[in-house]
Amino acid sequence: MSTHRLKRRKPWHLAVVAAAVTGIAAPAAAMATQAPPASTPARSADAVGAYDDTYYKDALGKTGPELKKALHAIVSDQTKLTYDQVWDALKVTDEDPKNPSNVILLYTGRSQSKDGNGTGDDDWNREHVWAKSHGDFGTDVGPGTDIHHLRPTDVTVNSTRGNKDFDAGGEEIAEAPGNRTDSDSFEPRDEVKGDVARMILYMAVRYDGGDGFADLEPNDSVDNGSAPHIGRLSVLKQWSKQDPPDDFEKNRNQTIFEKFQHNRNPFIDHPEWVEDIWKQA
């Protein structure tokens, strides 16, 4: 079970939510008793996000393929980095909040010096969570340099993961306790299972066959090889529910938006959209 905890939500009154959603001011006394008009139902507190009335406005109220198409149009408006620029970006996006000289490595959870990147066994390097061979995009500007799915990882653990699909099971990795692998799949530690799922699903929304790249789609298989697919979707959906976004993941999303690519991972802001798009998986 994930160690992340959902924050306790404040007990919003329906009228307060209605006022916040519509932007209509009301006297304090009236807000305590007045219900929202029947003709304009208020969105629940769970559904109201900081960017809903701006960034996500064209996606609200949609589900399934329509939601996926709307989100694709939104997140495709981005600044693209080169592969060299990724090094410096990850030193900011994955900074250890307790030690600004370090980054947190995805699979091990180890805090390591930002200057410790390289090719040595104990260095950290750039892990493509959507394995770059699954769609054959390499390190090309676009999916190969999109920092929404590029993370600092221990060099040897990165090699162990290789281009394997994601699934549950396997033998525990000695250098990265909590992570498991077998011949055709990799299971990350509980604390980042949801992070991995949301990165994979972001890639499926962002890269749909345009920009000269393959249409990246998750499926419910393993051993996908070089096909532009990655799995196992049913497990990724489970992981997203099991491990909801924590402060580190949310801060990373915000930093990418404000300082680097200027786009967001919608499944961090709205985890419920995973089910809204992939209902049948």
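Let's start with β5, where both faces are covered: L150, P152 and D154 on one side, and R151 and T153 on the other, are all buried. By buried I mean under 20% relative accessible area, with exposed over 50% and partly exposed in between, using a 1.4 Å probe and protein chains only. Strands here are DSSP runs of E with at least two residues, helices are runs of H or I with at least four, and both are numbered from the N terminus.

Before I go on, a word on the source: this is a predicted model, where local features need pLDDT of at least 70, side-chain atom pairs count only at pLDDT 80 or more, and totals for chains, interfaces and linings use all residues. Residues are numbered from 1 along each chain as its sequence is written, and side-chain values use heavy atoms, with hydrogens and water left out.

So what does β5 pair with? β4 and β5 run antiparallel, joined by 5 bridges, and P152 in β5 is the bridge partner of R126. For pairing, DSSP has to find at least two bridges between two strands.

There is also an open sheet of 4 strands, in the order β6-β9-β8-β7, with mixed pairing. Its edges are β6 (165-166) and β7 (171-173); each has a single partner strand, so one side of each has no neighbour in the sheet. β6 runs parallel to β9 (residues 185-187), with 2 bridges between them, and D165 sits opposite S185 in β9.

Now to helix α8. Its 14 residues should span 20 Å at 1.5 Å a residue, and the end C-alpha atoms are 19 Å apart, which agrees; the expected span is 1.5 Å times one less than the number of residues. At the start of α8, a side-chain oxygen of D246 comes within 3.3 Å of the backbone nitrogen of F248. The buried residues of α8 include R252, I256, F257 and F260. Among the elements covering the buried residues are α4 (83-93), β5, α6 (193-206) and α9, where contact means heavy atoms within 4.5 Å. Just after α8, H262 takes a positive phi of about 60°, and H262 is partly exposed at 37% relative accessible area.

On to charges. How many salt bridges are there? The count comes to 16, taking a salt bridge as a side-chain nitrogen of Lys or Arg within 4 Å of a carboxyl oxygen of Asp or Glu.

One of them joins R252 and D94, with the closest N and O atoms 2.8 Å apart. R252 is in helix α8 and D94 in the loop between α4 and β1 (95-96), so the pair ties together parts 158 residues apart in sequence. R252 counts as buried at 4% relative accessibility, and D94 is buried at 0%. D94, R151 and R252 are linked in a network of salt bridges, which brings us back to a residue of β5.

Another pair is D167 with R232, at 3.0 Å between the closest N and O atoms. D167 is in the loop between β6 and β7 and R232 in the loop between β11 and α7, so this pair ties together parts 65 residues apart in sequence. D167 counts as buried at 13%, whereas R232 counts as partly exposed at 22%. R232 has one more feature to point out: a cis peptide bond joins G231 and R232, with omega about 5°.

Key: A polar contact is a pair of N or O atoms within 3.5 Å; within protein, one must be able to donate a hydrogen and the other to accept it, and residues adjacent in sequence count only if both atoms are side-chain atoms.
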